[in-house]
Structures are given as C-alpha cells and as structure tokens.
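Visitor: Could you take a close look at one part of this structure and describe how it is placed and what surrounds it? I would like a careful, connected account.

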Amino acid sequence: MIFALNFFASVKIAEALRPLLKKKKGNCVVTSSNSITNMTVRMDWVDMLSNVMDEERILEFVKDIPRAQAASCYSSSKHALARWVRRVSPSWAVDGLRINSVAPGNTTTPMTQNMTDAQMESALLIPIPTRYGRKEFLDAEEIANGITFLASPMASGINGVILFVDGGIDALLRSERF
C-alpha cells in the first residue's frame with residue numbers, strides 16, 4: 001500500500017497531468033519527504049521502484065516484506081519518487097515544463113495532532129533547527145510556501161530540484177550532501 005500510494009500514485013498523477021500542463025505551459029510539484037536520505041532507506045527497493053516501475057510485479061514482491069519494515073517502505077518510496085523527479089525533469093523541460101519536489105520535515109497535520117507525548121518526543125529527538133529550544137513541528141503553511149514558490153513564475157529557472165522544507169534538519173544531519 002505504501003509503495004502504491006507514495007510512489008506509483010504520485011507518478012501516475014504527475015504523468016496524467018503532463019498533457020494539460022504542456023498545453024498550459026505549467027509545472028508540477030510533488031511532495032517527497034525529508035526521510036529520503038535517512039538510514040531506513042533501502043536502496044535495493046528504491047532501485048526496484050525507480051528502475052523496474054512495474055507496479056503489479058512490485059506489489060507482488062512486497063507482500064513478503066515484514067510489517068516491521070514499514071518505515072523502510074515509506075522512506076524508500078519517497079526516495080524513489082525524488083529520484084524519479086530528478087530523472088524525468090530533463091524530458092519535461094523539453095516540453096517546456098518544470099517538475100520539482102518538496103521534501104517536508106515533521107509537520108503539524110491532523111495525523112500528527114493526535115500523537116502521544118512519547119511519539120512526539122521520539123519524532124523530535126533531533127530538534128528542528130529553526131525551532132531551536134522549542135518542541136514543535138513545522139506548520140503546514142511553511143510547506144505550502146515552498147510548494148507555492150516552486151509552482152510560481154519566480155522559480156522559472158528551477159527544474160529537477162528536491163527542496164527540503166524541514167527547518168534545516170537535512171542540512172544539520174547531512175551538511176556535506178547537496
């Protein structure tokens with residue numbers, strides 16, 4: 001289910017919108033996750049998703065993945081989506097289109113508002129740098145601002161970018177990667 005929703009559905013929606021976007025000279029922004037570079041990513045699964053891209057075959061394979069590895073399914077599917085965006089961005093550019101991704105960090109949403117104190121504490125083991133000293137997530141509006149920017153004419157020269165809107169967590173943990 002995670003691979004079907006996070007990867008295949010996102011790819012299908014973007015590709016289905018592509019003809020309309022081409023007609024309207026538009027652009028596309030998909031959401032990935034700042035988990036795309038964390039330790040739970042299984043690169044063999046990322047390769048399977050982004051290289052094979054056969055949903056039926058992959059969904060048959062994943063039936064044998066233990067439920068305890070759901071975090072790896074999540075981060076790997078989001079990593080595969082980010083890779084897909086980077087890979088297709090040149091072909092989209094040929095059609096006059098841009099495609100980018102926003103990788104949000106921990107965000108206040110209806111899903112996260114019902115977290116227990118222990119879950120919240122666990123999620124904030126590494127505090128969000130822009131929230132220094134505060135135990136809180138990013139606001140959904142902050143993520144929306146990144147998406148709005150990438151979708152705007154102000155980002156006309158940006159294509160194939162994974163924009164981390166995570167309050168600086170990716171920079172904190174992986175300062176040597178860019």
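Guide: Aspartate 170 is found in helix 8 (residues 169–173), where helices (H or I, at least four residues) and strands (E, at least two) are DSSP runs, numbered from the N terminus. This is a predicted model, in which local features need pLDDT of at least 70 and side-chain atom pairs count only at pLDDT 80 or more, whereas totals for chains, interfaces and linings use all residues. Residues are numbered from 1 along each chain as its sequence is written, and side-chain values use heavy atoms, with hydrogens and water left out.

Aspartate 170 is buried, with a relative accessible area of 9%; buried means under 20% relative accessible area, exposed over 50%, and partly exposed in between (1.4 Å probe, protein chains only). Leaving aside residues up to four places away in sequence, aspartate 170 touches Thr37, Phe164 and Ser175, contact meaning heavy atoms within 4.5 Å.

Turning to the sheet, three strands form an open sheet in the order 1-2-5, with parallel pairing, and two strands pair if DSSP finds at least two bridges between them. Its edge strands, each pairing on one side only, are strand 1 (27–31) and strand 5 (162–165). Strand 2 (residues 98–104) and strand 5 pair in the parallel sense over four bridges, and valine 102 stands opposite leucine 163 in strand 5. Helix 4 (residues 70–94) packs on the sheet, touching strand 1, strand 2 and strand 5, and its direction makes about 160° with that of strand 2; axes are lines fitted to C-alpha atoms, for helices over the stretch in contact, and angles run from 0 to 180 degrees between N-to-C directions.
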